[in-house]
Amino acid sequence: MTDLVSKWNYPTTVRFGAGRIKELPDVLEAVGIKNPLFVTDPGLAKLPVVASTLKILDDAGVPHGVFSDVKPNPVESNLTAGIEVFKKGGHDGVIAFGGGSALDLGKLIAFQAGQTRPVWDFEDVGDWWTRADAGAIVPIIAVPTTAGTGSEVGRAGVITHEASHTKKVIFHPKMLPEIVIADPELTVGMPPFITAGTGMDALAHCLEAYCAPGYHPMADGIAVEGIRLVFENLPKAYRDGNDLVARAHMMSAAAMGATAFQKGLGAIHSLSHPIGALYDTHHGMTNAVFMPYVLAFNREAIEARIVRLAAYCGIAGGFEGFVRAVDKLRADLNVPHTLPGLIKGLEMDAARKGLIADMAIVDPTASGNPIKLTRAAALSLLESAMSGA
Ligand code: NAD
């Protein structure tokens, strides 16, 4: 019985369904935001999906500011600039609108604008979050436009520390958005590469959470259904971006992944984070490259669980069948099999490989891997992802 101890956290109110973005003014009123800062990224800012959402605010007479200086894999200068706009505009809340990058930066602006300590003092380490002035955090409405990170139901924001080339996870329970509008219509414009990468991110979250050690049967249950939804719907959404049913199921799978990964993540993320920080690659696509190598590495610890999972998902052949299904999914989505396939012309000398292995083993996700991620293991996984062997 002594092992059956854990802590369960659940997400927030999600208004799920096609067309529900029109409820944005109502949601702002419910939360008490009168003058929101709308945070998005520069690519999205040029698309009709942003113009039509801002029109909903205009038509309802809601004053608002817009900030879109957000890099994919956001950095501190994006946060500083966003906070300046937030303060200048006298805003009282944030609408975080976009993929994980814009969602995270919007959440971080709402969190950090009223703090006196630097943002790095609130990294997801122990109880560092208790140093924050919780009363100074303004409410957040999250509106995802990709289906992958699940940041809309999470209590953290990821930001790259440029000086050390590391991705840092900033955590506070009040960074959880008050209300989420999960409207799959907003995701139909995603190009296939982003559909594939974000969808594989949702799969990586569910899979690593399910395989992480520890007692969390609710996270496990959410993760297995999330995995089934990805196998059934991601190829459809990739082939036909207008398939709203597939888009809706992928949006659910993304939120389920982020709900499940409160249990832990693992070596896919531990290796993907340094690669993303050093080479600015897409997070989900980088996860997808590492997935089969990490599954093989963890086999001894996860085989029984994966056999159960495969049976639930209707995948024949036990562990090997599941790995084949992952390989097929990657091939169907044109996921590169190796890092040089993802980053054209990539070469790494021994020093660079050593640096990445060093970064991977101290990444906070490493402790969730079911087999200890030693430096030698990280190096060997990196070699596999470089060569494809
Ligand atoms: P992203 O937010 O970086 O967006 C990728 C690209 O897709 C951008 O160019 C964007 O303009 C475009 N895009 C987004 N929605 C679109 C749409 N509907 N139509 C057309 N184009 C669209 O990608 P992402 O994968 O959603 O987020 C990745 C970021 O999220 C990384 O910084 C990663 O570290 C972070 N992340 C955070 C968490 C968390 O729990 N907070 C979890 C995983 C990843």
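A residue is termed buried if 20 or more other C-beta atoms lie within 10 Å of its own, exposed if 12 or fewer do, and partly exposed in between, with C-beta atoms placed from the backbone. The legends below describe a predicted model, in which local features need pLDDT of at least 70, side-chain atom pairs count only at pLDDT 80 or more, and totals for chains, interfaces and linings use all residues. Residues are numbered from 1 along each chain as its sequence is written.

**Figure 1. The loop residue N73 and its backbone angle.** With 20 C-beta neighbours inside 10 Å, N73 counts as buried. This residue belongs to the loop between β3 (65-67) and α4 (76-88); helices (H or I, at least four residues) and strands (E, at least two) are DSSP runs, numbered from the N terminus. Although N73 is not a glycine, its phi is positive, at about 60 degrees. Most residues other than glycine have a negative phi.

**Figure 2. The loop residue N334.** A positive phi, near 55 degrees, is also found at N334, a residue other than glycine. N334 lies in the loop between α12 (318-332) and α13 (339-342). Is N334 buried or exposed? N334 is exposed, because 11 other C-beta atoms lie within 10 Å.

**Figure 3. The chain as a setting for the close-up views.** The chain contains 15 helices and eight strands. Its radius of gyration is 20 Å, close to the 21 Å that the globule rule gives for 389 residues, so the chain is as compact as a globular protein of that length. Here the radius of gyration is taken over C-alpha atoms, and the globule rule is 2.2 Å times the number of residues to the power 0.38. The C-alpha trace spans about 55 × 55 × 45 Å along its principal axes. Of the 389 residues, 52% are buried. Among contacts between residues at least 6 apart in sequence, 80% join residues at least 24 apart; two residues are in contact if their C-beta atoms, placed from the backbone, lie within 7 Å.

Figure 4. The chain is divided into domain 1 (13-187) and domain 2 (192-387), with bounds that come from an automatic or database domain assignment. The C-alpha centres of the two domains lie 25 Å apart. In total, 25 residues of domain 1 are in contact with 26 residues of domain 2. Strand β7 (residues 166-171) gives the most to the side of domain 1 that touches domain 2, supplying three residues. That side of domain 1 has eight nonpolar, 13 polar and four charged residues. In this division Ala, Val, Leu, Ile, Met, Phe, Trp, Tyr, Cys and Pro count as nonpolar, Asp, Glu, Lys and Arg as charged, and the others, Gly among them, as polar.

**Figure 5. The shell around the ligand.** There are 33 residues around the ligand, and G43, G99, G100, S101 and G189 come nearest; a residue is near a molecule if its C-beta atom, placed from the backbone, lies within 6 Å of it. Both domain 1 and domain 2 give residues to this shell, so the shell lies between them. At least two shell residues come from each of α2 (42-45), α5 (100-112), β6 (156-161), α6 (192-211) and α10 (283-297). The helix α5 gives the most, with four residues. By class, the shell has 11 nonpolar, 18 polar and four charged residues.

**Figure 6. The largest nonpolar core and L381.** The largest nonpolar core has 121 residues, and those with the most contacts inside it are V39, A96, I109, C206 and L381. Domain 1 and domain 2 both give residues to this core, so the core lies between them. A nonpolar core is a set of buried Ala, Val, Leu, Ile, Met, Phe, Trp, Tyr and Cys residues joined through C-beta atoms within 7 Å. Leaving aside neighbours within four places in sequence, L381 is in contact with A267, L271, F290, Y293, V294 and F297.

**Figure 7. A360 in helix α14.** A360 is found in helix α14 (residues 350-362). This residue counts as buried because 26 C-beta neighbours lie inside 10 Å. Apart from neighbours within four places in sequence, A360 is in contact with S270, L271, P274, A366, L373 and A378. The C-alpha atoms of A360 and I268 are separated by 9.5 Å, whereas the two residues are 92 residues apart along the chain.

**Figure 8. E162 between β6 and β7.** E162 is found in the loop between β6 and β7. With 11 other C-beta atoms within 10 Å, E162 is exposed. Not counting residues up to four places away in sequence, E162 touches V75 and E76. E162 and A277 are 115 residues apart in sequence and 8.2 Å apart in space, C-alpha to C-alpha.
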